[in-house]
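Visitor: I'd like a close look at one part of this model, please. Take me through it slowly, and then show me what lies around it.

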Amino acid sequence: MRPGFFERLAESDLFGNHSGRDLLAITDGLRYRISEFDRGSTLAVEGAPCSHVGVILKGEVEIQNVLASGRTVTIDRLSSGQVFGEALIFSDRRRYPATVTAVAKTAIMYIGRGEIVRLCREDTVFLERFLGLLSGKILMLNGRLRDLSHGSIRQKIASRLLDLSAKCGSHRVDLGVSRREMAEDMGVPRPSLSREMVRMRRDGLIDFRGEEVTLLDPGGLEDVLFE
């Protein structure tokens, strides 16, 4: 394994609970491959077979769906240490439900289904970590579906801001993404998102500067969800 990759694997979502010695023993007997991709490369297209879990050793990927209207919805962004494919390889379908694209120069460690089964059987720490990833993925997808189910752009924005506020315990939140990325996450045009945020500021619900947003009227944002 290339120098630097082992350290990133040790900090990954899948192997992070292992000591350096234990991880070295695991990787010595592990069958895997590492593939590198340039920015803009497609790692997997929607409908392609999925037989491996991918661990990102370097870079960043986006998981996207293209709707019938032609609009692209970003389901998730994953960076170094994060994992994809873990919810697919044990399903009956085992096909990517979305397209995976590199948004930076990226290196992926691919581990086959059989090796995942073996590690789960032989290593309880790995098993707990893997099950935790599956649980987290289910919660994330439920959140995405809830965002998409809201009918108006204002409802989508209010839901996102209230979630961020609850997570950080503050009425001042950092979006953590650009306005374009936020629009893609919500499946709405970027200009429409910006216009609605300006209206919400005018209505006294929020204020914002760059990626930092202040919830001026959390109760009013909650009311938006039930309009």
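What is the strand order in the open sheet of three strands, and which way does the pairing run?

Guide: A quick word on ground rules: this is a predicted model, where local features need pLDDT of at least 70 and side-chain atom pairs count only at pLDDT 80 or more, while totals for chains, interfaces and linings use all residues. Residues are numbered from 1 along each chain as its sequence is written, and side-chain values use heavy atoms, with hydrogens and water left out.

Now, your sheet. The order is β9-β11-β10, and the pairing is antiparallel. Strands here are DSSP runs of E with at least two residues, helices are runs of H or I with at least four, and both are numbered from the N terminus; two strands pair if DSSP finds at least two bridges between them. From one strand to the next, the twist averages 20°.

Look at β10 and β11 (residues 212-215): four bridges join these antiparallel strands. Lying across β10 and β11 is helix α7 (residues 190-202), which runs at about 125° to β10. Axes are lines fitted to C-alpha atoms, for helices over the stretch in contact, and angles run from 0 to 180 degrees between N-to-C directions.

Next, a pair of helices. The axes of α5 (residues 153-168) and α6 (residues 179-186) come within 11 Å and cross at roughly 110°. That makes α5 roughly perpendicular to α6, a label for angles of 65 to 115 degrees. Where they touch (contact means heavy atoms within 4.5 Å), K156, I157 and R160 in α5 meet M182, D185 and M186 in α6. By class, this contact has three nonpolar, no polar and three charged residues. Nonpolar here covers Ala, Val, Leu, Ile, Met, Phe, Trp, Tyr, Cys and Pro; charged covers Asp, Glu, Lys and Arg; the others, Gly among them, are polar.

Finally, the cores. The largest nonpolar core has 39 residues, and L14, F15, L43 and F84 have the most contacts inside it. Such a core is a set of buried Ala, Val, Leu, Ile, Met, Phe, Trp, Tyr and Cys residues joined through side-chain atoms within 4.5 Å, buried being under 20% relative accessible area with a 1.4 Å probe, protein chains only. Another core lies apart from it, with 22 residues, among them L162, V177, A183 and L205.

Notes
Buried < 20%, exposed > 50% of the residue type's maximum accessible area, 1.4 Å probe, protein only. Parallel < 35°, antiparallel > 145°, perpendicular 65-115°, else oblique.
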